[in-house]
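Subject: Handover of a structure, with notes

Hi,

Here is the structure for you to take over. My notes follow below it.

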Amino acid sequence: MYKDIFESIRNEAEKRNLRERTIQLYCSDVSYFLRWIGKNVSDLTLEDAESFLTAKRLEGRSPETHNHYRSAIKFLYKKVLKTVWDA
């Protein structure tokens, strides 16, 4: 369903010489985020990212897991969607 997004993540990550494991984690975390939000990529807002990250923190996810999600979603917004990330 989101094949183009994952290809774009991979392309942008490879341009930056990211490790294969990092690319896989970004795709996995973004997939989880997109399923959780349930919107088309073109309809995503920064509030969606904030809602997801807040929910994961309130669920008690470890700081490390939270940071993984945040990094992957930030990469999606900034490098793939070309959206200003106002963290």
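Does Asn17 count as buried or exposed? Asn17 counts as exposed, because its relative accessibility is 70%. The cut-offs are under 20% relative accessible area for buried and over 50% for exposed, with partly exposed in between (1.4 Å probe, protein chains only).

Before the rest, the ground rules. This is a predicted model, in which local features need pLDDT of at least 70, side-chain atom pairs count only at pLDDT 80 or more, and totals for chains, interfaces and linings use all residues. Residues are numbered from 1 along each chain as its sequence is written, and side-chain values use heavy atoms, with hydrogens and water left out.

Overall fold

The chain has four helices and zero strands. From the N terminus on, the order is α-α-α-α. Helices (H or I, at least four residues) and strands (E, at least two) are DSSP runs, numbered from the N terminus. Helix 1 covers residues 3-15. Helix 2 covers residues 20-37. Helix 3 (46-58) and helix 4 (63-80) follow.

The radius of gyration is 12 Å, which agrees with the value near 12 Å for a compact globule of 87 residues. That radius is taken over C-alpha atoms, and the globule rule is 2.2 Å times the number of residues to the power 0.38. The C-alpha trace spans about 35 × 25 × 25 Å along its principal axes.

Of the 87 residues, 36% are buried. The chain exposes about 5,500 Å², and carbon and sulfur atoms supply 47% of that. The areas come from the Shrake-Rupley method with a 1.4 Å probe; for residues, only the protein chains shown count as cover.

Contacts here mean heavy atoms within 4.5 Å. Among contacts with a separation of 6 or more, 56% are between residues 24 or more positions apart.

Core and rings

The largest nonpolar core has 24 residues. Those with the most contacts inside it are Ile5, Ile9, Phe33, Leu44, Ile73, Leu76 and Tyr77. Helix 1, helix 2, helix 3 and helix 4 each give two or more residues to this core. A nonpolar core is a set of buried Ala, Val, Leu, Ile, Met, Phe, Trp, Tyr and Cys residues joined through side-chain atoms within 4.5 Å.

How many aromatic pairs does a search of the whole structure find? It finds eight. The rings of Tyr77 and Trp85 are edge-to-face, because their centres are 5.5 Å apart and their planes stand at 65 degrees. Rings of Phe, Tyr and Trp (its six-membered ring) pair if their centres lie within 6.5 Å; planes under 30 degrees apart count as stacked, over 60 as edge-to-face and the rest as tilted. Both Tyr77 and Trp85 are buried. Ring pairs link Tyr32, Phe33, Trp36, Phe52, Tyr69, Tyr77 and Trp85 into a cluster.

Polar side chains

A polar contact is a pair of N or O atoms within 3.5 Å; within protein, one must be able to donate a hydrogen and the other to accept it, and residues adjacent in sequence count only if both atoms are side-chain atoms.

- Glu12 is in helix 1 and is buried, at a relative accessible area of 12%. Its side chain makes a polar contact of 2.8 Å with that of Arg16. Beyond four places in sequence, Glu12 touches Phe75, Lys79, Val80 and Lys82.
- Ser31 is in helix 2. Ser31 counts as buried, because its relative accessibility is 17%. A polar contact of 2.7 Å joins its side chain to that of Arg35.
- Lys39 sits in the loop between helix 2 and helix 3. Lys39 is partly exposed, at 30%.

Backbone points

Asn17, in the loop between helix 1 and helix 2, has a positive phi of about 60 degrees although it is not a glycine. Lys82, in the segment after helix 4, has a positive phi of about 55 degrees and is not a glycine either. Lys82 counts as exposed, at 58% relative accessibility.

Best wishes
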